[in-house]
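Trainee: Before we discuss particular residues, may I put a series of questions on this model to you?
Mentor: Please do; let us have the model in view.

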Amino acid sequence: MASNDKITAVPNTLGKEIGLSATWLNTHEFATFAFGNVKHSRDAKLNTRQGVVEVNLMKPDFVLGDPAARIMMHECHRVFYNLQRRRYGLLGGQTQVIDFVGISHQYRSSLRQSVGRLTRLLHDEEKAPGVNTDLLRLLYTIECVWHLVEFLVLDSNASSGAVVTSLLEWIRYHFPTPEQQATELLQSGTRDLEKQEDYWPVVKGLILQGQTMVARTLLRVHSCSETRCFQAAEQLLQSLPVYCVHDGLSVHKYKAQWQCWRNNVRMLIAAGNFGAEPHLEEVLRLVSGDREAWQNQLRQATCWYEYLPGFLLYTDSSCRYYQLSHYAHNCMRDYFEVTGRSREDPEFTFLDAMVLSVMDNDLPTLLANLQKFPDNHFSAVHITDLLYHAGLLEDSATGDGDDGEARSGGTAMPHGKLIHESLLYEFGSLLMSEGTYWLLGMGYLEFSSTEGLGAREALLARVPIRHEAQALKLIAVARKHNYPGVVMEICKVLMKRNLAQRRYGSALNWAIRSRDSAYVRDVANILLEHYCNHGELLCEKMIANLGSKMFLSSRLVFLKKYYDFRQLYRQLEYAQAAELLVSLMDSKIVPSYFWPCLMADVIPLLEFKEPIIPSRETLIVLDHLQMDLVPMLEQRQETLKRQKQQQDPGTVAKSLLGLTAAANAPRPDPMETEEQDQKDQTALIPKFSSNLLNNCTEDLINLLRLACNRNLSRAYIIEHTSGD
């Protein structure tokens with residue numbers, strides 16, 4: 001894998017001059033920044049760049065984000081989650097027996113399906129360019145190691161007995177070329193197959209992998225299959241002793257039979273019975289375990305363990321797990337001697353090292369190598385979790401650390417529980433940082449540790465929100481786990497996003513969902529300010545259906561009541577509209593910037609010949625006129641005076657709003673154009689512009705005083721003469 005390493009250049013300009021330094025942020029991300037032992041002579045040169053800090057965040061690619069891996073990720077998470085629930089008694093009760101080998105097989109089935117899908121896409125000419133071949137090799141490697149761990153480590157029944165049969169099945173799946181070539185030869189239907197160049201290489205390849213049944217089938221279609229030497233070879237291959245635990249044959253008796261059989265084969269070879277067929281003789285030398293013949297074939301092997309199961313079949317098919325390490329090291333030594341390689345060569349891959357650690361039953365080395373594998377800790381997390389729950393790590397969940405060591409018969413795993421929890425925590429945190437798998441990350445963090453449970457709330461609030469449907473799902477999960485702060489944070493994000501897109505109705509809706517009175521107030525202020533600037537009340541349908549939600553904020557209560565006033569005014573219910581408007585003025589919830597609008601709204605209601613506003617309410621209007629509106633006019637005059645002192649008098653002249661626009665404020669202003677509305681950006685943020693004071697003019701105040709006096713006199717006369 002070293003030959004495939006990629007070098008990534010850090011785009012740090014200052015770092016090229018003085019050097020780079022780095023610091024780890026977490027286990028899979030670090031930051032680089034410019035830092036070096038700069039001499040004083042260079043200080044002058046670097047001073048011009050002070051204030052410019054370049055920090056580069058570096059982390060490995062998230063390979064599991066490939067679309068081809070999504071189905072596998074969800075299936076593996078389902079298997080993982082069900083295992084945790086069963087292990088901790090949340091599903092099926094406390095006394096159930098868990099089949100860890102069956103669970104491992106479910107994991108591997110998902111991996112194999114993903115490998116199959118990628119392989120089919122790779123063979124499709126149209127889709128082949130888009131296939132991630134690195135991911136294909138990665139998943140293949142994971143499945144290869146996982147399969148080996150399954151029957152050597154997890155399956156106590158298999159590891160306590162002979163392991164050769166399982167090894168043959170494992171090598172057959174991961175090196176399928178000889179079997180595929182044999183199938184093609186047998187299905188070709190041609191005569192004299194032995195005349196084809198690949199006939200004998202395929203037969204030898206099958207023998208090297210221990211597939212004697214298929215090899216015998218190919219030998220029977222040989223044109224000379226009826227000759228004496230071929231018949232003798234058929235009988236020898238058919239009578240090959242293979243140890244099986246369930247046959248009731250002791251190891252000692254098996255070895256005696258095998259020794260007798262091997263001596264017979266070697267005697268026939270030495271007698272020259274197969275001299276007429278050198279290829280057939282070589283096949284029988286391989287079957288008899290001839291060391292020189294096997295070393296000659298090792299030169300053609302792609303890795304050191306490719307022919308190990310076949311060699312064990314013909315030399316010691318009763319080999320147990322604790323004996324496998326000895327044979328593995330001998331085979332690797334012979335492979336290196338023949339090929340001239342070593343463990344330090346780039347050709348000795350991570351897969352080779354992990355296979356050796358499994359055959360050595362060296363779990364610490366295996367898990368250390370798995371964590372170095374570029375699969376974002378996918379294999380390390382799930383394999384470690386299986387080993388932990390199966391009791392094969394120290395301080396396991398069952399508390400049977402000694403029993404786990406006895407089962408595995410190899411190196412104990414120190415601090416197994418801490419490693420298990422830390423891997424789950426890191427993997428869950430990584431998935432939470434990826435927008436696609438945040439829900440899966442919640443599941444892994446749930447069973448990591450107390451720290452992981454606490455981290456879920458913080459990480460859930462940081463999940464990138466792509467659309468509102470995802471936000472609703474996030475809120476549902478947060479409420480399920482009782483995270484009110486997360487719900488509030490998500491609603492705030494959506495509220496701000498909708499405000500930036502000028503979708504005020506959705507912004508108000510998300511502000512209400514957040515249950516944060518400050519954000520509800522801010523959105524209500526935006527709607528009210530927009531009305532002050534443009535004479536148009538936005539989101540009327542939503543405001544009409546607020547119901548009890550309006551009590552989240554006093555500003556929202558005011559907005560709803562002002563909407564009700566406008567509706568009464570439009571329905572010509574002037575008396576009720578006037579009563580509601582006066583009650584709003586006296587409610588102490590009126591925004592200070594909204595007084596000009598309220599005062600402009602009350603003027604038409606004061607001009608009725610038959611007063612609809614009694615004298616007492618008229619005095620209330622006059623009181624607010626003097627206490628609230630007049631100070632606004634004085635503030636505006638002081639602002640204009642300061643502007644004249646700071647700027648040229650000719651540049652501060654501004655046109656004031658006319659009295660007609662103020663009087664018609666309850667209805668949309670027909671003079672406002674759509675172009676002006678689009679140019680006005682003041683409604684995007686809860687910041688009140690000074691031009692709101694332009695609504696407060698001396699003409700408005702004088703007209704309001706005059707209307708109040710006329711209405712007061714009429715109301716006073718009517719109220720005091722009605723009794724007469």
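The questions below concern charges, cysteines, backbone angles and a surface patch in this predicted model.

Trainee: How many salt bridges does a search of the whole structure find?
Mentor: The model is predicted, and side-chain atom pairs count only at pLDDT 80 or more. A pair qualifies when a side-chain nitrogen of Lys or Arg is within 4 Å of a carboxyl oxygen of Asp or Glu. On that basis, the number of salt bridges found in the whole structure is 19.

Trainee: What separation along helix α5 do Arg137 and Asp134 have?
Mentor: Their side chains meet in a salt bridge, with 2.4 Å from N to O. Arg137 is partly exposed at 48% relative accessibility, and Asp134 is partly exposed at 45%. Because the two are three residues apart in helix α5 (residues 133-154), their separation is about one helical turn.

Trainee: Which parts of the chain does the pair of Asp334 and Arg291 tie together?
Mentor: The side chains of Asp334 and Arg291 form a salt bridge at 2.8 Å, N to O. Asp334 lies in helix α16 (residues 321-339) and Arg291 in helix α14 (residues 291-298), so parts that are 43 residues apart in sequence are tied together. The elements asked for are helix α16 and helix α14.

Trainee: Is Asp334 buried or exposed?
Mentor: Its salt-bridge partner, Arg291, is partly exposed at 47% relative accessibility. For Asp334 the relative accessibility is 8%. Buried means under 20%, so Asp334 is classed as buried.

Trainee: How many residues apart are Glu540 and Arg570?
Mentor: Glu540 and Arg570 meet through their side chains in a salt bridge of 3.4 Å, N to O. Glu540 belongs to helix α28 (residues 540-544) and Arg570 to helix α29 (residues 554-570), and the pair links distant parts of the chain. Glu540 is partly exposed at 21% relative accessible area, as is Arg570 at 40%.

Trainee: Which residues are linked with Arg108 in a network of salt bridges?
Mentor: The network contains arginine and glutamate side chains. Besides Arg108, its members are Arg112, Glu143 and Glu150.

Trainee: Which residues gather with Arg513 in a patch of positive charge on the surface?
Mentor: Arg513 is placed in helix α26 (residues 504-514). At 32% relative accessibility Arg513 counts as partly exposed, and patch members need over 30% and no salt bridge. The residues that gather with Arg513 are Arg479, Arg515 and Lys549.

Trainee: How many disulfides does the search find, and how far away from Cys303 is the nearest cysteine sulfur?
Mentor: A disulfide is a covalent bond between the sulfur atoms of two cysteines. The search of the whole structure finds zero disulfides. Cys303 is in no disulfide, and the nearest cysteine sulfur belongs to Cys144. A disulfide would need a sulfur pair within 2.5 Å, whereas the distance from Cys303 to this sulfur is 7.9 Å.

Trainee: What is the relative accessible area of Cys491?
Mentor: Cys303 counts as buried at 7% relative accessibility. Cys491 is buried too, with a relative accessible area of 0%.

Trainee: What is the phi of Asn361?
Mentor: Most residues other than glycine have a negative phi. Asn361 is in the loop between α17 (350-359) and α18 (363-372), and is buried at 5% relative accessible area. Although Asn361 is not a glycine, its phi is positive, at about 55°.

Trainee: Where does His377 lie?
Mentor: His377 is another residue other than glycine with a positive phi, near 70°. Its relative accessible area of 17% makes it buried. The location is the loop between α18 and α19 (378-389).

Trainee: What distance separates the C-alpha atoms of Asp360 and Leu324?
Mentor: Asp360 is in the loop between α17 and α18, and is partly exposed at 24% relative accessibility. Asp360 and Leu324 are 36 residues apart along the chain. Their C-alpha atoms are separated by 7.2 Å.

Trainee: What accessible area do Leu25, Val53, Val55 and Leu57 have together?
Mentor: Val53, in the loop between α2 (43-47) and β3 (55-58), is exposed with a relative accessible area of 69%. These four residues form a nonpolar patch on the surface. Together their accessible area is about 410 Å².

Key
Residues are numbered from 1 along each chain as its sequence is written. Side-chain values use heavy atoms; hydrogens and water are left out. Patches are made of residues with over 30% relative accessible area and no salt bridge: like charges are joined within 9 Å, nonpolar side chains (Val, Leu, Ile, Met, Phe, Trp, Tyr) within 5 Å. Accessible areas come from the Shrake-Rupley method with a 1.4 Å probe; for residues, only the protein chains shown count as cover. Lys and Arg count as positive and Asp and Glu as negative; His and the chain ends are not counted. The place of a charge is taken as NZ of Lys, CZ of Arg, CG of Asp or CD of Glu. Helices (H or I, at least four residues) and strands (E, at least two) are DSSP runs, numbered from the N terminus. Buried means under 20% relative accessible area, exposed over 50%, partly exposed in between (1.4 Å probe, protein chains only).
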